[in-house]
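Subject: Structure handover

Hello,

Here is the structure I promised to pass on. Please open it first, then read the notes below it.

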Amino acid sequence: KPVNNGILGTWNTAPLTDGEYILRLTVSDKAGNILTNSVIVNSDNNNWKLTISRLTQVTANAGWNTEPAWSPDNTKLAFSSNCSGNYDIWTMNADGSNLLNITNSAAYDSKPGWSPDGSKLAFVSDRSGNKDIWITNADGSGTPLQLTNLTVTDTDPTWSPDGTKIAFASDRSGNFDIWLANADGLGTPVKLTTSEAYDKEPSWSQFGIAYTSEYSGNREIWL
């Protein structure tokens with residue numbers, strides 16, 4: 001149903017215990033960005049009383065704050081926000097303090113991911129005219145490094161456990177596949193998946209790369 005100023009939202013409930021429910025709210029803004037949040041609600045004789053339980057709101061501004069990513073030491077969060085007018089990469093302490101605009105550009109910057117040592121952030125930006133993978137210092141210093149630079153869509157960066165490589169999704173071969181690039185920008189990216197299926201959203205751990213694929217006809221998780 002309409003929520004506010006052209007923003008659409010839907011909600012549903014699921015029982016937890018007697019008289020206690022979890023309320024899930026999904027909203028979509030004018031740009032098509034979809035966000036979901038959940039809170040705990042209690043029912044008293046059909047009169048709903050909203051009480052936030054086991055959840056802590058750590059951002060509170062007029063913008064949209066999305067795509068949070070924990071730092072390796074779990075003390076900070078990186079996220080994408082348009083609180084400054086357009087989407088930039090921001091960081092803050094886990095309690096919401098020390099808010100810092102890292103990229104501070106006129107471009108659309110999104111999908112931040114921390115390097116394993118916490119010193120750098122990979123992110124997606126259209127500052128070169130199309131969506132590419134970029135790397136910046138996590139404190140906002142220096143000049144961001146453009147890791148990919150073709151007139152295609154490169155997205156969903158994820159760091160290797162040793163911090164030397166970045167896997168990402170790209171449609172440079174005609175459909176979305178998982179590709180691998182050196183984190184220093186040297187060399188040519190290597191194609192990791194070769195099917196005609198939709199392959200995106202890689203996530204890298206010491207056990208390998210997990211990703212989403214339609215290889216079986218449905219979007220499933222593959223390793």
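**What I found**

The charged end of Arg219 sits over the ring of Tyr198, with 4.0 Å to the ring centre. A second case involves Arg127, whose charged end lies over the ring of Trp134, 5.1 Å from its centre. Keep in mind that this is a predicted model.

**Overall picture**

The protein chain has 20 strands and zero helices. Of its 223 residues, 39% are buried. The accessible surface of the chain is about 12,700 Å². Carbon and sulfur atoms hold 50% of that surface. Now take the contacts in the chain with a separation of 6 or more: 24% of them join residues 24 or more positions apart.

**The S18-S19-S20 sheet**

This is an open sheet of three strands, in the order S18-S19-S20, with antiparallel pairing. S18 and S20 (220-222) are the edge strands. Each has a single partner strand, so one side of each is left without a neighbour in the sheet. On average, neighbouring strands here are turned by 20° against each other, direction ignored.

Strand S18 covers residues 199-205 and strand S19 covers residues 208-213. Five bridges pair them in the antiparallel sense. Trp204 has Ile209 in S19 as its bridge partner. The two strands form a hairpin, with two residues between them.

Is Gln206 buried or exposed? Its relative accessibility is 68%, and the cut-off for exposed is over 50%, so Gln206 counts as exposed.

**The S14 to S17 sheet**

Four strands make up another open sheet, ordered S14-S15-S16-S17 and paired antiparallel. Its edges are strand S14 (154-159) and strand S17 (190-191). Both have a single partner strand, so one side of each is left without a neighbour in the sheet.

Inside that order, look at S15 (residues 165-170) and S16 (residues 177-182). They run antiparallel and are joined by six bridges. Phe168 stands opposite Trp179 in S16.

**Aromatic pairs**

How many aromatic pairs does a search of the whole structure find? It finds three. One of them is Tyr87 with Tyr108. The ring centres are 4.8 Å apart. The planes meet at 35°, so the pair is tilted.

This pair links distant parts of the chain, 21 residues apart. Tyr87 is in the loop between strand S7 (76-81) and strand S8 (88-93). Tyr108 is in the loop between strand S9 (100-101) and strand S10 (109-114).

Tyr87 has 7% relative accessibility and counts as buried. Tyr108 has a relative accessible area of 33% and is partly exposed. The reasoning rests on one cut-off: buried means under 20%.

**Two backbone angles to check**

Most residues other than glycine have a negative phi. Strand S6 spans residues 65-70 and includes Glu67. At 28% relative accessibility, Glu67 counts as partly exposed.

Lys111 also has a positive phi, about 55°, although it is not a glycine. Lys111 is found in strand S10. Its relative accessibility is 31%, so Lys111 counts as partly exposed.

That is the handover.

Best regards

Definitions and conventions: Residues are numbered from 1 along each chain as its sequence is written. This is a predicted model: local features need pLDDT of at least 70, side-chain atom pairs count only at pLDDT 80 or more; totals for chains, interfaces and linings use all residues. Side-chain values use heavy atoms; hydrogens and water are left out. Two strands pair if DSSP finds at least two bridges between them. Axes are lines fitted to C-alpha atoms, for helices over the stretch in contact, and angles run from 0 to 180 degrees between N-to-C directions. Rings of Phe, Tyr and Trp (its six-membered ring) pair if their centres lie within 6.5 Å; planes under 30 degrees apart count as stacked, over 60 as edge-to-face and the rest as tilted. Buried means under 20% relative accessible area, exposed over 50%, partly exposed in between (1.4 Å probe, protein chains only). A charge sits over a ring if NZ of Lys or CZ of Arg is within 6 Å of the ring centre and within 35 degrees of the ring normal. Contact means heavy atoms within 4.5 Å. Accessible areas come from the Shrake-Rupley method with a 1.4 Å probe; for residues, only the protein chains shown count as cover.
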